[in-house]
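Please open the model in your viewer and keep the selection tool at hand. The stops below proceed from salt bridges to a helix pair and then to a sheet.

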Amino acid sequence: MEWRDEGIILGTRKHGETSAILEVMTRAHGRHLGLVRGGRSRKQQPVLQPGNRVDLLWRARLDEHLGTFQAEAIEMNAARLMDSAVAVYGLQTMAQHLRLLPERDAHGGLYEALTVMIVHLGDADAAGELVARFELLILDELGFGLDLSQCAATGTRQDLAYVSPKSGRAVSREAGAPWRDKMLALPAFLQRGSGLRADPAAVEDAFRLTGFFFTRHVYEPRGIEPPDARSGFLAALRKHHARGRTLAEDNAAREIIT
């Protein structure tokens, strides 16, 4: 058995004295594991880092075997990502979400989304929006996608402000007003075609929304806890936003003084 594909490295773990088990998200073969002989060598270690995009050759005697990988670097992203706590936790969060899917099931759309994420994770102002959208994609691939296209009550596509916690469908501001205390907020930037950027409050609303449905449909039924990396990502985002507010306030004070 043999195939060649490209993939994004999600993680590695030691195997024996010199080898490593490599976990990748591939374009055509889904999330896949394989043994890299000599993977802990000085030559291989810089290549086998999370976030790097690699060309892979997988071989095994039978399809169900772990098999072996030969990996060559295409894009060395890890060093750039390691400079940002937001990027590190963001990548770890997406890797944990991908592990919710069956191994070796192809998810080409998720792979393409992940490649875009890797490029922009270093931009902390954009990372929150991107990871929130990625969580929506994961929910959709798991069969629990949200319908944010139109109001569940009236069919309108205008002024969508809430999501029903029961149905996972969008609700307009007017139709949802009587039950707004029981609704989940729908950030405007998540609406298809909005072209809007998210402020920190909208990012918090987005993760509250996705987190609710992950808990209901995934974590509680499987008896698992939300990934620690997700909490770390949100904490890093809040720290970044707080630092940004402080700088803005300092600049405003200087302008007043001068």
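In this predicted model, a residue is called exposed when its relative accessible area is over 50%, and buried when that area is under 20%. Select E2 to begin: with a relative accessible area of 52%, E2 is therefore exposed. Its salt-bridge partner is R59, with 2.9 Å between the closest N and O atoms. The two lie 57 residues apart, E2 in strand β1 (residues 2–15) and R59 in strand β4 (residues 53–59). R59 is partly exposed, at 37%.

Next, select R53 and E75, whose side chains form a salt bridge at 3.0 Å, N to O. R53 belongs to strand β4 and E75 to strand β5 (residues 68–75), so this pair ties together parts 22 residues apart in sequence. R53 counts as buried at 16% relative accessibility, whereas E75 is partly exposed at 32%. Within it, the side chains of R27 and E112 meet at 2.0 Å, N to O.

Now display helices α2 (residues 85–98) and α3 (residues 108–120), which pack at an angle of about 170° with axes 11 Å apart. The helices are therefore roughly antiparallel. Select L91, M94 and L98 of α2 together with L110, L114, M117 and I118 of α3 to show the contact. Its seven residues are nonpolar, with no polar and no charged ones.

Finally, turn to the open antiparallel sheet, with three strands in the order β7-β6-β8. Its edge strands are β7 (170–172) and β8 (184–185). Strand β6 (residues 160–163) pairs with β7 over three bridges; select V163 to find its bridge partner in β7, A170.

Conventions. Residues numbered from 1 in each chain as written. Predicted model: local features only at pLDDT ≥ 70, side-chain atom pairs only at ≥ 80, totals over all residues. Heavy atoms only, no water. Pairing = 2+ DSSP bridges. Helix = DSSP H or I, 4+ residues; strand = E, 2+ residues; numbered from the N terminus. Axes fitted to C-alpha atoms, helices over the stretch in contact; angles between N-to-C directions. Parallel < 35°, antiparallel > 145°, perpendicular 65-115°, else oblique. Contact = heavy atoms within 4.5 Å. Nonpolar A, V, L, I, M, F, W, Y, C, P; charged D, E, K, R; others polar. Salt bridge = Lys/Arg side-chain N within 4 Å of Asp/Glu carboxyl O. Buried < 20%, exposed > 50% of the residue type's maximum accessible area, 1.4 Å probe, protein only.
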